[in-house]
Amino acid sequence: KPGVFFLPWEGQVGTLARHESIEQIAAEADKYGPGQIIVLHINSPGGLVLEGDEIHETLMEIKRRHRVIAWIKKAISAGAFTALHCDEIYFEKVGAMGSAVMFAGTKSIEGAQLAAWVKDFGDVAEAGGRSRIPAECMVTRTKMASYDKDPETGKITWYPDMRGEHHISNERQVLTLNADNAFDSGYIDGIADTEEQLAALLDLDEWYEISDRGREIHEDWHRLCERCKNDVRRINRDLQLRPERRLALLEELLVWWDRCEPMMMWDLGRPGGSKDELRRTIERERRARARQRN
């Protein structure tokens, strides 16, 4: 019967919230034919801009065959970039989307790099049938946004300055939309705090998940990341306390690099160096031990 494929998409973009998870839930939906409803429940404080390119390609391809919904609790920075790709956007009452300032180290980007990021946000919004004006305000204080709302038809007219009756973003702020101004301005499609409320907005008779694969994808990956974090801490501690086990411990690190590279690369500070550096270290250790035996 009519239903959804539901994916909790939570945490740092690029480590806990990944394009691979979206690809996996789409593959599950593919089993049931085109035209399925995929709901991404987004709760992310942002993360890696590098992941944005992968997310863009993934969602643009999936949207050709399925209806992709963003249901937002928090979609900040790269989370907002993800949400703007979706066919429809719904907020929880506490929902927030925006604040997509990109940093290079500790400094916010500027010049050509900033202009490109602003353009990307605007292009993605337009591809989803939304005005680029508020989207660009999510990236930089150099942009402004206001709108007029026709009292009879509800039609929204956006302006890249303060001439509109309703002011959304001035030159002193980076825009983060909340449920009230996002819905009043027509920038989102509705507000739902429960699955049943969202089902009604999606024109479904009830909330029905055709498969629980999305919840499994989420739980399996988050569980693996937590195991990785705890195990790497133990390995790093043992490297200091048990030098006689150094080779075995380094080999354990390499296994985690293969199983959970995003966590190793970004959240855990590249233990052992890069994967290639770690491999070279292991080879040196093996050669040294072979010489000692001979």
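**View 1. Strands β8 and β9 pair antiparallel.** Strand β8 covers residues 145-149 and joins β9 through four bridges. Two strands count as paired if DSSP finds at least two bridges between them. Strands (E, at least two residues) and helices (H or I, at least four) are DSSP runs, numbered from the N terminus. Ser146 stands opposite Tyr159 in β9. The two strands form a hairpin with six residues between them. In the turn, Gly154 has a positive phi of about 75°.

This is a predicted model: local features need pLDDT of at least 70, side-chain atom pairs count only at pLDDT 80 or more, and totals for chains, interfaces and linings use all residues. Residues are numbered from 1 along each chain as its sequence is written, and side-chain values use heavy atoms, with hydrogens and water left out.

**View 2. Three strands make an open sheet in the order β9-β8-β10.** The pairing is antiparallel. The edge strands, β9 (156-159) and β10 (166-169), each pair on one side only. The twist averages 25° from one strand to the next; axes are lines fitted to C-alpha atoms (for helices, over the stretch in contact), and angles run from 0 to 180 degrees between N-to-C directions.

View 3. Which residues of α11 are buried? They are Lys275, Leu278, Thr281, Ile282 and Glu285. Buried means under 20% relative accessible area, exposed over 50%, and partly exposed in between (1.4 Å probe, protein chains only). The cover over these residues includes α9 (246-259) and α10 (261-267).

**View 4. The largest nonpolar core has 53 residues.** Such a core is a set of buried Ala, Val, Leu, Ile, Met, Phe, Trp, Tyr and Cys residues joined through side-chain atoms within 4.5 Å. Leu40, Ile72, Leu84, Met97, Phe121, Met138 and Tyr187 touch the most other members. Helix α4 (residues 111-127) gives the largest share, six residues. Beyond four places in sequence, Ile72 touches residues including Ile42, Ala83, Tyr90, Phe91 and Met97. Contact means heavy atoms within 4.5 Å. A second, separate core of 19 residues includes Val232, Leu247, Leu249 and Cys260.

**View 5. Asp238 sits in helix α8.** The helix covers residues 213-241. Is Asp238 buried or exposed? Asp238 is buried, with a relative accessible area of 11%. Leaving aside neighbours within four places in sequence, Asp238 is in contact with Pro243, Arg245 and Leu249.

**View 6. Ser99 has a positive phi without being glycine.** Its phi is near 50°. Ser99 lies in the loop between β5 (96-98) and β6 (103-104). At 30% relative accessibility, Ser99 counts as partly exposed.

**View 7. Arg270 also has a positive phi, about 55°, although it is not a glycine.** Its place is in the loop between α10 and α11. Arg270 is partly exposed, with a relative accessible area of 37%.
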